[in-house]
Amino acid sequence: MKIDRTRALGAFAAYVRPYDAADPKVRLKIEHTYRVAELCERIARSEGWGADETLLAWLCGLLHDVGRFEQLRRYGTFDDRRSIDHARAGAEVLFAAGGIRAYLEDDCEDELLHTAVAWHSAYRLPETLDPRTRAFCDLLRDADKVDILRANVQTPMEEIYGVSTAELRASPVTPAVEDAFYAHHAVLRSLKRYPADHAVGHASLVFELVYPESRRAVREQGYLFRLLDFPTDNPDTARVFAGLRDHLRGWLEENAR
């Protein structure tokens, strides 16, 4: 299958053009998309994937968040719990509505692309995936997680989650969220009750990374510990985050080589 990178970039630019790029949330997702595509390409190359497979990985990154734009336009939020499953919405835009053909004519990888987009934000992938599809899904999910750390440092959490600074600085951490972190797995959305839980949840994504290059990218970028340097007026929250930082430093020393 031949993928025309210029055509795909043009199709994405045309898709997002009707949305207001001056809106910080729209701009956030446009920039996030390009970075995730680059990370997908980087991880694929580190694994020794061939040129065609590497370009397909890049395309997965370019497509993965198209559902975010309609989610924001229709609901004014990126919170799937209060709106729609943005990953499934993206798969519908691309495949049910036929938007994928603007990116490429060949349909031979449609099933893989559909699966990668539809499942990229799920808590767990289906056990029934074939090894090749799972490899692409894991790679996309890794790239997305790595850049989420950047996005949550570069964009104020107040803006992302629609909370005030006072709410953020007073926030406790839900004990079940802290427990999930120390159990080394991603935090279920249903456990998050307070603004600080989102920072803990995003940091916990590092434990889920599959590819060594993904963990190297996290260390290289440095956003993880800036995220965990959580601004708080709550002494209990300050204590929790100090423990999380110490624990994660040790874990990365052992696992990010």
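A residue counts as buried when its relative accessible area is under 20%. The views below use this cut-off and come from a predicted model.

**View 1. Helix α11 is enclosed by the rest of the structure.** The buried residues are Pro195, Ala196, Asp197, His198, Ala199, Val200, Gly201, His202, Ala203 and Ser204. They pack against α7, α8 (157–161), α9 (165–170), α10 (175–182), α13 (223–228) and α14 (235–255).

**View 2. Helices α7 and α12 pack against each other at an angle of about 10 degrees.** Two packed helices are described by the angle between their axes and the distance between the axes. Here α7 spans residues 131–154 and α12 spans residues 212–221, and their axes are 10 Å apart. Angles under 35 degrees count as roughly parallel, and α7 and α12 are therefore roughly parallel to each other. On the α7 side, the contact is made by Asp142, Val146, Leu149 and Arg150. On the α12 side, Ser214, Ala217, Val218 and Gln221 take part. The residues of this contact divide into 4 nonpolar, 2 polar and 2 charged.

**View 3. An aromatic cluster includes Tyr15 and Tyr19.** The structure holds 10 aromatic pairs. One of them is formed by Tyr15 and Tyr19, with 5.9 Å centre to centre and 50 degrees between the planes, and this pair is tilted. Tyr19 has 14% relative accessibility and therefore counts as buried. Phe12, Tyr15, Tyr19, Tyr34 and Phe69 form one aromatic cluster.

**View 4. Phe181 and Tyr182 form an edge-to-face pair.** The ring centres of Phe181 and Tyr182 are 5.5 Å apart. Planes over 60 degrees apart count as edge-to-face, and the planes of Phe181 and Tyr182 stand at 85 degrees, so this pair is edge-to-face. Phe181 counts as buried, at 0% relative accessibility, whereas Tyr182 counts as partly exposed, at 34%.

**View 5. Arginine residues lie over the aromatic rings of Trp58 and Tyr123.** The charged end of Arg5 sits over the ring of Trp58, at 4.7 Å from the ring centre. Arg124 lies over the face of Tyr123, and the distance to the ring centre is 4.4 Å.

How values were computed. Residues numbered from 1 in each chain as written. Predicted model: local features only at pLDDT ≥ 70, side-chain atom pairs only at ≥ 80, totals over all residues. Heavy atoms only, no water. Axes fitted to C-alpha atoms, helices over the stretch in contact; angles between N-to-C directions. Helix = DSSP H or I, 4+ residues; strand = E, 2+ residues; numbered from the N terminus. Parallel < 35°, antiparallel > 145°, perpendicular 65-115°, else oblique. Contact = heavy atoms within 4.5 Å. Nonpolar A, V, L, I, M, F, W, Y, C, P; charged D, E, K, R; others polar. Phe/Tyr/Trp six-rings, centres within 6.5 Å; stacked < 30°, edge-to-face > 60°. Buried < 20%, exposed > 50% of the residue type's maximum accessible area, 1.4 Å probe, protein only. Lys NZ or Arg CZ within 6 Å of the ring centre and 35° of its normal.
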